[in-house]
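Please read them with the structure open.

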Amino acid sequence: MLVKEILNNQKLTVSFEFFPPKNESGWDDLFESISKIMPLKPSYVSVTYGAGGTTRNKTHDLVSKLNSETNLCIVAHLTCVNSSRNEVKSIIERYNREGIYNILALRGDLPPGVEDFNKDGTGFSHASELVSFIKEISPETGIGVAGFPEGHPHMPNRLKEIEYLKMKVDAGADYIVSQMFFDNRDFYDFKERCELAGITVPIIAGIMPITSRKGMERMAELAAGARFPASLLKAITRADDEFVRRVGVQWATEQIRDLIDNNVDGIHLYTLNRSRSSVRICESLGLSSYDKLY
Ligand SMILES: Cc1cc2nc3c(=O)[nH]c(=O)nc-3n(C[C@H](O)[C@H](O)[C@H](O)COP(=O)(O)OP(=O)(O)OC[C@H]3O[C@@H](n4cnc5c(N)ncnc54)[C@H](O)[C@@H]3O)c2cc1C
């Protein structure tokens with residue numbers, strides 16, 4: 001099923017993101033996590049893609065495995081930075097052959113020191129071009145794209161940013177998944193700016209539960225620009241090491257509760273391959289039975 005159909009059918013989608021592990025023990029942890037989220041009846045799960053090229057085959061292997069061995073709806077992330085059109089075409093064809101028709105189309109982060117990576121114009125400069133290309137070669141594929149409530153670190157012009165986001169939607173994207181954010185006001189403001197720009201597709205809120213101080217520091221690196229509200233930092237600073245996870249769970253739970261009260265289209269949990277916090281959050285909000293409640 002396409003994610004756009006799921007978004008149409010469910011009042012609230014709840015999805016989970018995983019990445020392909022680098023080693024054997026990582027695979028065991030991953031499948032343990034997936035088995036724990038299965039009872040929550042995820043709307044879909046997504047699998048990240050290494051823009052640098054290191055984990056590309058692993059993404060495909062994990063997507064295929066999940067698709068053939070579970071009844072989960074799978075979304076494969078795909079980045080286009082440093083990829084030729086032929087490479088992207090063969091990836092999409094391979095997915096389609098296996099019955100996989102959901103792609104999150106991304107540019108990917110530029111390799112360090114690289115400014116212009118598509119000098120000869122034969123590849124892709126922006127995710128909007130990837131969206132158009134996928135629509136051209138596989139019109140039946142459903143496409144999601146990334147949105148940045150607090151702005152993309154490389155685009156200081158907040159007006160242009162929404163214009164570029166609209167280009168992705170106009171090129172054929174069915175929905176937007178947001179970068180993580182810790183203050184819902186940033187998401188509501190982003191949503192309103194999208195509406196003003198005429199973007200009408202569903203916007204799924206990306207939520208990352210903080211699990212440790214180290215994890216928070218890594219997130220600050222990965223999602224450069226993410227703003228940690230002072231009240232969250234204060235709560236984390238006050239907590240003993242073993243309680244940081246509980247603070248993270250509580251913060252994310254309150255964020256999601258408020259988002260639901262404000263009619264968010266969907267929640268996307270960045271699990272980092274650990275399900276404990278995500279399961280806690282979903283259980284305490286009754287998210288596995290949400291459809292039945294409304
Ligand atoms: C939900 C989500 C999932 C992600 N998954 C992955 C993953 O699996 N693998 C991975 O490597 N990365 C992933 N990322 C990170 C993402 O690849 C990076 O943040 C990347 O820098 C931006 O990708 P994009 O698709 O938004 O690119 P784009 O939409 O191309 O935007 C990139 C930058 O270019 C600007 N821009 C866009 N169009 C134009 C234009 N026509 N002219 C000038 N400027 C323009 C934008 O404003 C922005 O600053 C994910 C991000 C999110 C939010």
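1. Two strands are called paired if DSSP finds at least two bridges between them. Helices (H or I, at least four residues) and strands (E, at least two) are DSSP runs, numbered from the N terminus.

2. On sources: this is a predicted model, in which local features need pLDDT of at least 70 and side-chain atom pairs count only at pLDDT 80 or more, while totals for chains, interfaces and linings use all residues. Residues are numbered from 1 along each chain as its sequence is written.

3. The chain has twelve helices and eight strands. Along the principal axes, the C-alpha atoms fill a box of roughly 55 × 45 × 40 Å.

4. Of the 294 residues, 40% are buried. Buried means that 20 or more other C-beta atoms lie within 10 Å of the residue's own, exposed means 12 or fewer, and partly exposed is in between, with C-beta atoms placed from the backbone. Among contacts with a separation of 6 or more, 83% join residues 24 or more positions apart. A contact requires C-beta atoms, placed from the backbone, within 7 Å.

5. Which residues of α4 are buried? They are Val88, Ile92 and Tyr95. These cover an arc of only 60° around the axis, which puts them on the same side of α4. The arc is that of the directions from the helix axis to the C-beta atoms. Asn86, Ser90, Glu93 and Arg97 are exposed, on the face turned away from the buried side of α4. The buried residues of α4 pack against β3 (74-79) and α5 (127-137). Just after α4, Gly99 has a positive phi of about 85°.

6. In α5, Ala127, Ser128, Leu130, Val131 and Ile134 are buried. Seen down the axis, they fall within an arc of 160°, so they line one face of α5. Their cover includes α4, β4 (102-106), β5 (142-147) and α6 (158-170).

7. Strands β3 and β4 pair in the parallel sense over four bridges. Ala76 stands opposite Ile103 in β4.

8. Glu150 sits in the loop between β5 and α6. It counts as buried because it has 20 C-beta neighbours inside 10 Å. Beyond its neighbours within four places in sequence, Glu150 is in contact with Phe181, Asp186, Gly225, Ala226 and Arg227.

9. Two loop residues deserve a look at the backbone. Most residues other than glycine have a negative phi. Lys41, in the loop between α2 (24-37) and β2 (44-47), has a positive phi near 50°. Asn273, in the loop between β8 (266-270) and α11 (276-285), has a positive phi near 65°. Lys41, with 14 C-beta neighbours inside 10 Å, counts as partly exposed; Asn273, with 18, also counts as partly exposed.

Key: Two residues are in contact if their C-beta atoms, placed from the backbone, lie within 7 Å.
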